[in-house]
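Thanks for coming. I have one structure to go through today, so let me put it on the screen.

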Amino acid sequence: MLNLTVFLVLSTIVIFSAIKMLSVRNVLHATYWLLLTAITAAGIIWFLGAEFIAITQLLIYAGAVGILTIFALMVTVRTEGELIRSRDLSLAAAICASAFFGLMAYAITTSPSLMRVTEYDPPTFAEFGATLFALDGWVLPFELVALVLTVALIAAVWWTREVRKGGDES
Amino acid sequence: MSVGLEAFMLLAAVLFALGLYGAISKKSTIQMLMSFELMAIAISINLIAINRWVTPREMTGQYFALFEMALAAAEIAIGLTLIVALYRRAQSEEVDDFTELKG
Amino acid sequence: MLTLIMFLPLVGVLLCALLPKRFEGAAKYIALFTTAANASLAAFLVGGFTRGGGMQFETVIDWIPQIGMQYHVGVDGISMPILVLSCVLAFLAVIASWKIDEKPKFYFAMLLLLATGMNGVFTALDFVLFYVFWEIVLVPMYFIINQWGGERRQYAAVKFFLYTFFGSVFMLVGIIALYLQTGTFNMVELANGAAALPAFVPFGFQWWVFAAFLLGFAIKVPMWPFHTWLPDAHVEAPTAASVLLAGIMLKMGTYGLIRIALPILPEAFLWFQPLIAVLAVISIIYGAIVAFAQTDVKKLVAYSSVSHMGFAMLGIAAGTATGINAAMAVNISHGLTTGMLFFLVGMIYERTHTRKIKDLRGVAAQMPIYAGLFVFASFASMGLPMLSGFMGEFLALVAAWQGFAAINMQYLTVFAAIGILLGGAYMLWLLQRVIFGEPSEVVEGQKDLNFREIFVLVPLAVFVVAFGVRWSLLLDYVDPAAKAIARAIGLGA
Amino acid sequence: MLSGYWTLIPYAILFFGVLIALFADWAGLSSRLAALFGAACALVAGLGFTLSEASQLLFGGRFMLSVSGRLVSVGLCIITALWLMWIADRVKGRTREATALALLSVMGACMLVGAREFITLLVALELTAMPSYVLLGYWAHRRRSLESAMKYFLFSVLTTLVMTYGVSLVYAASGTTMIVGADVSGGGLIGLIGLVMLMVGIFAKVSAVPFHFWAPDAYAGASAWGVAFVATVPKAAAMVTLLRLPALMADTLPESLITVFVIIGIMSMVVGSFAALTQDTIRRIMAYSGVVNVGFLLTGIAALQTAGSFAIFAGVLFILFYVLAVFGVLLVTATEGDRVSDLAGLSERRPVAAWILVLLSLSLIGVPPLAGFFGKLYIFTSALTSSYVYMVVIAVLCSVVSAFYYLRFMKAAFFDAVPSKDGARTGEEIAGNGAVSEGLDEYDTKHRLFARTALVVATTLIVVLGPLSGYLIDWMMAGI
Amino acid sequence: MSSTMSYYLLLIPLIPTLVFAALLFLPRDLRNRLMYVSPIAMGTSALISIIAGLTEFPGGPYSILRLDYRLATLGEMPLNLTIDVGPLSLIMLVMVTVIGTCVQVYSLSYMKDDERRGWYFTVMSLFTAAMLLLVMSGDLLLIFAMWEIMGLCSYMLIGFWYKEKAPRRASQKAFLVTRAGDGGFFVALAAIYAACGTFNINDILASAPGWAPWVAAVAALGLLWAAMGKSAQLPLSVWLPDAMAGPTPGSALIHAATMVAAGVFMVARMLPLFELTPFVLTITLWIGVATALFGAILACFQNDIKKVLAYSTISQLGVMFVALGVGSALAALFHLYTHAFFKALLFLGAGSIIHATHTQDTRKMGGLAQKMPLTTVCFTIGAFALAGVAPLTGFFSKDEVFAVIKYASNYPALVLACAMGVTTSLYVTKMWLRVFFGKAKTPHVHEGGILELAPLGVLAAATLFGGISTRAFGDYIGDIGVWPSWYMATISTCVTLAGATLGYLAVRGKFDRFKEPLRFVGAIMDNKLYLDAFYDNVIIKPYFIVSDLLWKFDEVVVDGIVNGVVALYRRLTRLTWRFDEVVVDGAVNGTAAAYLEVTEASRIIDESIIDGAVNSSATLSQRFGTLLRKAQTGKLQTYQRLAIGGLVLVLVLVVVLKGM
């Protein structure tokens, strides 16, 4: 199942759509390319056997975040023309990114293989849920993420409140 | 011929690098957020790949990816609200216009 | 007992600070009582002190054991006299600054803080504690000069702060270097060789540490090349501040050398001896000559301090027991005589609001008591026998001849003798122009000293005569400790 | 006496405070009362931390509040309480959300100092940092604060993503996300790059050079009381993490990482101290002072191998004393204005505030017997025991240079004449010469009790804790 | 040796000290009223010392009172002050107290209308006390202490009328010149203490032979230099003539009898040390001769009566130094003893004359013999003693000096000594004739009161009958001298007579025609050998210039170094600015590192420099600060690029390090 062709196809799509996202002039089209990247990424993750994560990935990124970005665009862009943005090609950024990639590629290729386990029999999804909420499992991070999301909520509510001209009541 | 962890990590590295490029070159904040999202995707691919070959039993990678996605999503949400709020004040979301604070 | 002396002024500071605005006037009374109590405690100290008894009134409390720092205070023959002088001068300074009406609360709080710092320096026997008090002294002095000084006070205050801060940084490096080698901050152990520098320590290390200490203390003394902060600081400081600055703070330099540099690093001292000797003589002659050219009385007295402290350094450079006796003698007598002179200059300034020599003339005709005391103080500072100045300068010369025999630089003593003559020159020249002659229009009609001012000067005069006539009053305390240090250096009596 | 999971009670109390703040409208509490209640919760939580027993591994080894961790938590709770008391009195407008966010941030911070596993660390760090985006940009109706929030937000999202990527690489190399067991030697370069990227994330939060660029602009734009929190609690937590990570990974830490610490430390000290010289806005100066002090901390961290546990306690004390001082300075000068020149004549207007400013600045310079001196003394002595003596020398010189701009505070407060009435600037007025007056909130002057007690408590802590730090260290040493 | 120490001797210096202490603290008018106390006290001291002198009969060099007072212990070695009264001290005590009483009694009338007379007597009693203690002391430290206190008193007395300018300058000059001498004393004391660890004269002399020769030489030279300062020998004699600005009785006691003699007294006591270094003795001799001769010559050209006496004192002291120079302490001390009496007499006489004629210029005086018979008689006795007329003490002591020189067979010195004798009697006769004979130029001259005449009488009697022969003086002191022979007596009488005739001729104006050709000699003499001019131009004026120079040096250079550091910065910034331009930027652009963005940042930085944001006083740190501050462009992208660039750089570094 883990054959090369599937990997090659999916990865080319992902990389192509990512590049398209960055290079396209119209911001709206960029979001579409972003959605495509997200979907193919979810495919890759499914391909790697983590179905639950693939589904959540699909939901969160392709769904919520994609829609949110489009929504934000709609609010901040008044005329058709504003959608078209310059490509902002910056040589410095390109150099930084390529240097980073070169470094990573060098590191990955030269370092000894990190693969410890070859056969893959993933535990059942029930187990995944059990350890997630086990006391000595991942309950602490889970709770903390919950708090983070509350903060995000508070922030969102606070920033979008309509403020009467006379400043706030105490 | 099967695909190894290195391939996936390379893929993740490419995507991360592209996201990085986008983040530090784009002037529009929204595009910046989109690049951040791209980097987040790269990270989750990387994690799942690592999980597949390093800790399949304990699935640490999957949990890590899960939490990471949640965090990234929260941040981007906050980011968008901030952009919208700032847009209402500055009528622009180009980062170059936010240079009132300098020196 | 010692801790009481050190922290009593601190209580005064707190009381002054917490005074509500309305009772601002009470600040000076608080200061008066605290310094008076302090002075009487110092008197008890003298009473209870057994001559030649080494370190007494010691209290040792562990403060930060990890780095071996203790709250270690104690007094011996060398530090006790200066401590008493510091308490007495602080008391007199408070009385002398009775007329300060601009922000008295802040002023007296700073003065008391200064007193704490000074007492602390002379009693601390732990390096870090010593350094802490050494730093504390800087802050109030900076504020006093900055707030109540003359015209160029900001420049003078900053210069004073930077000069001494620069010096103290080197001292800190020296302290830490010593700590790294010996593992202890305890001065007494280091001095009497209990935890002396391990044998394998190369001379180079000793040399560097001594150089660091010498620089730090030389700036404070001040020795010749580092002295330019003194005249500015003095001219701009109010009377009480410049009395304490000249009377006590200059002695921190010489005290530091005697307490730290000489006993702990004797070999390095022997290497540096010629350098210190030459610089001391230069300070003596240079200070005297430049004093001669001054147009401002206070600056003249400031340069005279440079010259007198040169004698103290000469004594230290000699390295013999007599030398250290001489250094301590100069310290105490200079504290008394220059203290008197600065009080007197302050008093004439309070009346005529000018310190320029050319418009002060004929004070004797107008204010006989003032003139009498001024002449007395000038002759004491010139080193007239039967007055304390002579004891210091004479012993310094005698010790110099003895100490420099080893490095056959006895000729330096001749230069020092010339220094004494020049000392007489500028003082008499000052008397000529200021005290004698027809009263100038500024001096005309000034009334003589009132009781308060006389009360400030008379105790000092009494001490000057007492020490002048009977040297053993002071030297019996200093000599045993001086002998111990001289033995460490090995240059004999 | 609290043991096991009962040690989590303080977090519950803090969350209770959050709930009260959020539902203040419904409960009929005014913002001020909500803030005061929040402060009470913070204090009780702080007490709770002191009572919790010796450290135990919870959540399967993911969380353990060691002695130093507990001390930091107590410290941060106290600072948050003081902060809440101050804003309760002084800040006009709706501060309920600010209280809630602050308490959440403190929860995150107290969690962060105990995290022993990368994922928990990441989430806790995010929980601590996220409220500060909002606190910086609290007044949504003012463009400047939003802009400052935006800058901080975008910069830290970027660095968090970098950090997460780093952690993933470390996880790849070591096979586990437990910090203690993370042996990256097997993974060759990958592990190493991962660690560096991890550290970069924390460097950004702590504003070490070259990741400090956000700090001056963010602090200058935001309102002073916002900065007072953001520059203290989250930064302190991040600093402690920066201190704990190398300690936890002590034996498996690659040598080259220490060189990274050294380089970044020296750069931070130099840039921080010199850049501040030309600043005249108080908050920008405090931003750069933050950069300098990270440099000092890194000097201490570089010596971690040789100095061992004493270095950690020294670092913790240094951080707490520094943060307390910055907190005090920011709040004292908050109501005066942005620029140092606005402090002119403070000693006439508010003598108590002037004296607080003097004491805190002296502590920041490191003049003995205040706490700052002892903080620096411990850090430098522990650094001296290692071979990084040159770092200490640079540190001393930089602290001398940095002394200048603290002295400017004191000089302005005491010796500068009060500018003529018309010269004084009001609120939004933009000064002419380009030095944009970065916005000045109107502050409530009706009741001053809690605000003043907060500042006085902070200053007394600075004055008293200095000499007592010896006993604090003994207590920590004994409590391991 | 009387078994019990004669402690009563301590009373002698104690009484005047008590008087001084008492009078010092009194307010001005009370002090003026109580001035009588001082002469009475001095009288009692004189009485005691005379009784002691007569009853003790010591004969021989043992001491009748030895007392040690521990001043301090310096590293186990005690430092003591010793009182050691021997026969010599006894005689000196008598001399000082008697003259002191006479002067103080005389001053009662002389100073009675001066409104600060109380202060005058206070200083006089302090002075006498100091001189007495000096004479009684047995160690150099006490001598030195009293030495300087006398210097102080002379400063006070010369500058008594401090309102006028002349006394102020004179007192300062006197004190400084004597102090210059004391510099030598200091060095000598230091050398002695280093060599033998004590100041007791007997111990010093005992251990002196054991010292290194150069140490003894330094000590001897130092003591000689001090004595020259105090006794106004040639190079340091400039202060004595100006000292006449003080009240005359004061000068009588101090500048004639006692203080100036202290130098000779000290050298006499330390003579064995001098003998260890023969070349110092020869120096003393030739200084003595030169001073004696020039003193006498200068005296001839003086018109002011007090100046004449001043120069005569200088020359007589020169004679004493000559005696010391040839090694005879006895001759010097005997001459000192006699000189004190007749010089004090002359000064007091001159005082009365000045009071009577209200002028000090001898040319304006004349014909006083009729108006003031008694004063004239006393003055004449004094003058003749000075000139060395036969039966008077002056003759015996001068004769003894000639004898001693002959005995030491130092013929050039003898010839010069005789020349000095001739000149002395020349100026004495000239002065004597001018003052007392010829026509009376000043109106209504009258005799001084009883208070003035009585002391004159006493001193005249002492000079007349006190002329005990040298042998009696020698026996008393217990020192063997060269006894006068008739041969020497005739020589000295001839010398005196020759001088007298020359003096008579000079008064008659016979030498006036020599005035013209010897004009330049006159000029030299009038300007007092240009000594004063020499000192002013070579020492005083340059000293002003040097001190101003050093002060400027201090202000500009040493202080400048501190400010220079800042100035250095300014120059450095200009240098680094160019350095930035050419080197640093080039290097940065050159590397294709991620910091390419720096070009943009540095462009901004250059922009800021060009637009003059940097003012000249900004130090390098400020410049560096603004550089960093400018990096805060406000544009977020710059930050992110710089940050990521930094990250990549660090990663590269780590990888490289790992590689190594």
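By helices I mean DSSP runs of H or I of at least four residues, and by strands runs of E of at least two, each numbered from the N terminus. This is a predicted model, in which local features need pLDDT of at least 70 and side-chain atom pairs count only at pLDDT 80 or more, while totals for chains, interfaces and linings use all residues. Residues are numbered from 1 along each chain as its sequence is written, and chains are lettered from A and ligands numbered from 1 in the order in which they are written.

Chain A first. It has 7 helices and 0 strands. Of its 170 residues, 35% count as buried, that is, with 20 or more other C-beta atoms within 10 Å of their own, the C-beta atoms being placed from the backbone.

Next, where chain A meets chain B. Contact here means C-beta atoms, placed from the backbone, within 7 Å. Chain A puts in 69 residues and chain B 62 residues. On the chain A side, α1, α2, α3, α5, α6 and α7 each supply at least two residues. The most come from α3(A), with 13 residues. That side of chain A divides into 54 nonpolar, 12 polar and 3 charged residues; Ala, Val, Leu, Ile, Met, Phe, Trp, Tyr, Cys and Pro count as nonpolar, Asp, Glu, Lys and Arg as charged, and the others, Gly among them, as polar.

Last, a helix in chain C: α15, residues 368-382. Of its 15 residues, 11 are buried, including C:Tyr370, C:Phe374 and C:Met382. Just after α15(C), C:Gly383 has a positive phi of about 90°.

Terms used
Two residues are in contact if their C-beta atoms, placed from the backbone, lie within 7 Å. A residue is buried if 20 or more other C-beta atoms lie within 10 Å of its own, exposed if 12 or fewer, and partly exposed in between; C-beta atoms are placed from the backbone. The expected span of a helix is 1.5 Å times one less than its number of residues.
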